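Q: I'd like a close look at one part of this model: the aromatic side chains. Walk me through them slowly, then tell me how the rest of the chain is put together.

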Amino acid sequence: MSLGQALAETGAQTRFICRPLDAVAGQVLATQDVAVHWLPTPSDQFTPPVCAAEHVQWACVSADDDALQTAEALGDWQPDWVVVDHYAFDARWHDAVRKALGGRLLVIDDLADRPIAADALLDHNWDADHQAKYADQLQRAPVWLCGPRFALLSPVYQRAPRYYPRESVHSIGIFMGGTDPDGITTRVLSACRSVGFTGPVEVVSTSASPYLPGLRRACMTDSGTTLTLDEPELTAFFGRHDLQIGAGGGATWERCCIGAPTIALVLAANQLIVVPALDRLSALRAARLDNTYGAADLPTLTEALHQLLSDAAARNALGQQATTLVDGRGAQRVALSLLGERLKLRPATLDDARLLHSWRNHPSVRAVSATKDPITFEAHEGWMRAVLADPARWLFVGEVGHLPVGSIRFDRLDSGPLDVSLYLDPELQGLGLGRRLLAAGEQAIRARQSEGITVNASVLPGNSTSQQLFEAGGYRCRPLQYLKSIGPLPGPTETAL
């Protein structure tokens, strides 16, 4: 849903394709204004092949049947991209759906345990080397969208208040996932009390949890515990408690974004890789309830509680480090990676002044600019007024859908050529948007010229990113400058190639 929201912001229409295997998906999707197509409920007990991969049975139908039904559900729509998030499906499913629909495929994964045929691969878990992780599984070279920078969080996390550190733990938050696997929340609550914590505890779960009756009883018998059900989003929950305890799944990145000091429990085999890694990065404290999943080397939950309840500096350091990994714009980055080719320009207006000023004053942009010092907004606004009033200067904002992503400016020099300058939203670098912004700018200049013109780009020493951008765009290199001749748009009798 987070990715769907980000895709809508960048101008895409989306549909969800689901199969009703439990109550959770229906309950969650019912709260969203999205188009959903439900595949048939499996009618018979599905028996996977003897040699099938570990998670194949999760689909409850064969991969061939699911691919056929998915293609039929989307046949009248012919999507540009299909996003698949399912451990049961491998390259055979990927190729079948791609062949049937003709679009491209984004595969969401974090296990690397089966053949994958992806045009783009999204693994937002942390790993030291994602390309090595998937080296033996890829059937084609994908666009890599990997690491917590691409964590698929709801857009509300971009703007949500962050946790404010305190010297003592006033309250604890517990969220073990929507289904509360094996009813583990009750055991976590018991562990909090066993170490002597007597303050308030808030437990979050969903009404779809099969362990809810037992959890209700446990919370009712503890006067200091409240039970919260079916919260649409948890930003406030993560921000109001001084210590969070949760499963090491997707909510880990939500806690990181809020900067919540966290004890993360390993509750699945794939979490045994990422949770200890985040512990080594000092972004959370890894722990276990027992020795399952090979987690014997991790401290127990009670040991971790003893350590963090009494050490404010350690708790606050965890929260601060966590926020450096996740900023809440991961879904937006994924959407732009898929739809960046739709980037279009519009003329800038004075209403864009604050946005462009925030980009221009970002340290990463100032580092490669001729003026290194921060610019006041008053000075920037005055500069923009002058640019917008000058017929020899053109200032554009690049957008993908409704989302501004960068700015490009052309200034006519005394000698005749145009000088080009551009920069992106600093948080959206590395997505291929720079070359699209430059190409769109050149197209805009062609539309304004009746004859060819030379475009000049000045690049400071050491700015390898800009050097590569202009070289890839066909600019001739001179010391600290790049030049390119741009002709006008083809006339009515000419052919565009």
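A: Start with Y475, which is buried, its relative accessible area being 5%. F470 also counts as buried, because its relative accessibility is 4%. Keep in mind that this is a predicted model, so everything here is computed from its coordinates.

Now for the ring pairs. A pair of aromatic rings is described by the distance of the centres and the angle of the planes. If you count rings whose centres lie within 6.5 Å, you get six aromatic pairs. One of them is F237 with F238: the ring centres are 5.4 Å apart and the planes sit at 55 degrees, so this pair is tilted. Both F237 and F238 are buried. Back at F470 and Y475, the centres are 5.1 Å apart with the planes at 70 degrees, so that pair is edge-to-face. Y482 joins in too, as ring pairs link F470, Y475 and Y482 into a cluster.

Next, the setting. The protein chain has 497 residues, and 48% of them count as buried. Its secondary structure comes to 19 helices and 19 strands, and the C-alpha trace spans about 80 × 55 × 40 Å along its principal axes. Take the contacts between residues at least 6 apart in sequence: 61% of these join residues at least 24 apart.

The crossing of α1 and α14 is right-handed. On the α1 side you'll find S2, L3, A6, L7 and E9, and they meet A331, Q332, V334, A335, L338 and L339 of α14. Sorted by class, this contact has eight nonpolar, two polar and one charged residues.

After α11 comes S282, with a positive phi near 65 degrees.

How values were computed: Residues numbered from 1 in each chain as written. Heavy atoms only, no water. Left-handed = near helix turned anticlockwise from the far one by under 90°. Helix = DSSP H or I, 4+ residues; strand = E, 2+ residues; numbered from the N terminus. Contact = heavy atoms within 4.5 Å. Nonpolar A, V, L, I, M, F, W, Y, C, P; charged D, E, K, R; others polar. Phe/Tyr/Trp six-rings, centres within 6.5 Å; stacked < 30°, edge-to-face > 60°. Buried < 20%, exposed > 50% of the residue type's maximum accessible area, 1.4 Å probe, protein only.
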